[in-house]
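Me: I would like to go through the labels used for this model and see what stands behind each one.

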Amino acid sequence: WQRGYGIFSVNPKEVDVVKRYIENQDIHHKKITFKDEFRKFLKNYNIDYDERFIWN
């Protein structure tokens, strides 16, 4: 249902939360697009990016 992905490390205490997130991504992304959520992660973690280089 999507072509792209991003990778972030996970606090071992949050593995169950991340697992549930992954299992329910298709439902989750009906509320927020993958691109919007990815931008949110980048902003939350102060990662500089240029959209010309992250989307196909």
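**Labels and cut-offs**

Reply: Of the 56 residues in the protein, 12% are buried, where buried means under 20% relative accessible area, exposed over 50% and partly exposed in between (1.4 Å probe, protein chains only). This is a predicted model, in which local features need pLDDT of at least 70 and side-chain atom pairs pLDDT 80 or more, while totals for chains, interfaces and linings use all residues. Residues are numbered from 1 along each chain as its sequence is written, and side-chain values use heavy atoms, without hydrogens and water.

Me: Why is Tyr 45 called exposed?

Reply: Tyr 45 has a relative accessible area of 54%, and the label requires over 50%; therefore Tyr 45 counts as exposed. Tyr 45 lies in the segment after α3 (34-44).

Me: Which helices does the protein have, and what makes a run a helix?

Reply: The protein has three helices and zero strands. Helices are DSSP runs of H or I with at least four residues, strands are runs of E with at least two, and both are numbered from the N terminus.

Me: How do you know on which side of α3 the buried residues lie?

Reply: The buried residues of α3 are Phe 34, Glu 37, Phe 38 and Leu 42. They cover an arc of only 140 degrees around the axis, so they are on the same side of α3. The arc is taken from the directions from the helix axis to the C-beta atoms.

Me: What covers the buried residues of α3?

Reply: The cover includes α1 (15-23) and α2 (25-28), with contact meaning heavy atoms within 4.5 Å.
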